[in-house]
Amino acid sequence: MPETTFASLSLVPKASGPQTTKDFKSDQEVRWCPGCGDYAILAAVQSFLPELGLAKENICFVSGIGCSSRFPYYLDTYGMHSIHGRAPSIATGLATSRRDLSVWVVTGDGDALSIGGNHLIHALRRNVNLKILLFNNRIYGLTKGQYSPTSETGKITKSTPMGSLDHPFNPLSLALGAEATFVARTIDSDRKHLQSVLRAAAEHQGTALVEIYQNCNIFNDGAFDALKEPETREQALIRLEHGQPIRFGTDNTHGVFRDPNTGDLTTAPVTDTNTADVLIHDANATSPTTAFALTRLADPDTLHHTPIGILRSVQRPVYDTLMAEQLATAVTQQGEGDLNALLTGSDTWTVA
């Protein structure tokens, strides 16, 4: 594949000098509920952005509707607080028309996976050069605690007083089904891990989806305690590292194996006789099959066992770059277009 078919941050103008976290803090008062996980994510993003070394006027954050969608107000970059579920579509238009921008989408589990589900999957399959941060707190927070597309079955909320009957989405399974080229998961309270995933997403050429488990301490407090509490997290979290055996638990006593009969992935204690059978993580595998199987390890009710890190990172031609090449070819072959001729062409007629 020609090198020109891949977009990269090299098209985005660099900053004129060193930047600090302060450069990316706006003058707006941050207004979320005290203790919200959004504060931790905002701080991580603000301190990460200087690492990109990009002119901040060439960075744009687009959000939809929800608590997370206040993000653009709090960053001293360009931004747009758009409409419910449509942030990926608006960001697609921006990224395809302005390849000199680093475009980010901030969305929530309700915004992205309910009314915005169609927009999300098409951005992923097209592989537009944008980065999507999906804050998942398994609840509708802004509208005061209704169940969301990621709420577990049986969840009692204001809109499901007898328990939700819906089976929840697994966002990463959904993304891989849409052939996303970069899929990752991280946690709001693990700043080091969160920033490492953000770095990888920023460097990716194409659409990068990062699911961030984020606590809503008002309407769904403790949803991810199993992944955060010292007594449970080592057994619950499966930290993925490319090229390394997938092991977890205190002292890495457990591992991920492929069932020889079904081909599914399973977890089991590692022994002297099965050490060689522990699955080696390959985030760059062309087929998304194993990455998809990894997403299925997480039980939506108990979170055991939950992979975090980069599940998939592969290269595929980037939509906005291909579109720019197509337009350039059209101009070369046919000259500049005539909008009036297009609007009044042979496929139009006048009704008397």
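Figure 1. Where pLDDT is low, the predicted coordinates should not be read in detail. For the chain overall, the mean pLDDT is 93, and 97% of the residues reach 70 or more.

Figure 2. Let's look at β1 (59-63). How many of its residues are buried? Five of five are, so the strand is mostly covered, going by the cut-off of under 20% relative accessible area for a buried residue. In a regular strand the side chains alternate between the two faces of the sheet. Here, Ile-59, Phe-61 and Ser-63 point one way, while Cys-60 and Val-62 point the other way. On to the partners: β1 and β3 run parallel and are joined by five bridges, and β1 also runs parallel to β2 (residues 78-81), with four bridges between them. In β3 it stands opposite Val-106, and in β2 the bridge partner of Ser-63 is His-81.

**Figure 3. Aromatic rings that pair up.** A search of the whole structure turns up eight aromatic pairs. In one of them, the ring centres of Trp-32 and Tyr-39 are 5.5 Å apart and the planes sit at 85°, so this pair is edge-to-face. Is Trp-32 buried or exposed? Trp-32 counts as buried, at 9% relative accessibility, whereas Tyr-39 is partly exposed, with a relative accessible area of 31%. Another pair is made by Phe-48 and Trp-104: their ring centres are 6.0 Å apart with the planes at 70°, so they are edge-to-face too. Phe-48 belongs to helix α1 (residues 37-52) and Trp-104 to strand β3, so the pair ties together parts that are 56 residues apart in sequence. Both Phe-48 and Trp-104 are buried. Ring pairs link up a cluster whose members include Phe-61, Phe-71, Tyr-74 and Phe-135.

Figure 4. In soluble globular proteins, nonpolar side chains tend to be buried together. The largest nonpolar core in this model has 35 residues, and those with the most contacts inside it are Leu-120, Leu-124, Leu-209, Val-256 and Leu-294. Elements giving two or more residues to this core include α2 (87-97), α4 (117-126), β4 (131-136) and α9 (289-295). Apart from this core lies another, of 32 residues, with Ile-41, Leu-49, Ile-59 and Leu-75 among them. Now zoom in on Leu-124. Which residues does Leu-124 touch, not counting those up to four places away in sequence? Among them are Ile-132, Ala-175, Thr-207, Leu-209 and Arg-316.

**Figure 5. The open sheet β8-β9-β10.** Three strands make up this open sheet, in the order β8-β9-β10, and the pairing is antiparallel. Why is one side of β8 (247-248) and of β10 (265-269) left without a neighbour in the sheet? These two strands stand at the edges and each has a single partner strand, so one side of each has no neighbour there. β8 is joined to β9 (residues 254-258) by two bridges, and Arg-247 stands opposite Gly-255 in β9.

Figure 6. β11 is mostly covered, with six of its eight residues buried. Strand β5 (residues 182-187) pairs with β11 in the antiparallel sense over four bridges, and Phe-182 stands opposite Ser-313. Strand β7 (residues 237-239) runs parallel to β11, with three bridges between them; here Ile-238 has Pro-307 as its bridge partner in β11. Follow the chain on and you reach Val-314, in the loop between β11 (306-313) and α10 (319-334). Val-314 is buried, with a relative accessible area of 13%. Leaving aside neighbours within four places in sequence, Val-314 is in contact with Thr-181, His-204, Ala-283, Asn-284 and Ala-285. After α10 comes Gly-335, with a positive phi near 85°.

Conventions. Residues are numbered from 1 along each chain as its sequence is written. This is a predicted model: local features need pLDDT of at least 70, side-chain atom pairs count only at pLDDT 80 or more; totals for chains, interfaces and linings use all residues. Side-chain values use heavy atoms; hydrogens and water are left out. Buried means under 20% relative accessible area, exposed over 50%, partly exposed in between (1.4 Å probe, protein chains only). Contact means heavy atoms within 4.5 Å. A nonpolar core is a set of buried Ala, Val, Leu, Ile, Met, Phe, Trp, Tyr and Cys residues joined through side-chain atoms within 4.5 Å. Two strands pair if DSSP finds at least two bridges between them. Rings of Phe, Tyr and Trp (its six-membered ring) pair if their centres lie within 6.5 Å; planes under 30 degrees apart count as stacked, over 60 as edge-to-face and the rest as tilted. pLDDT is the predictor's confidence in each residue, from 0 to 100.
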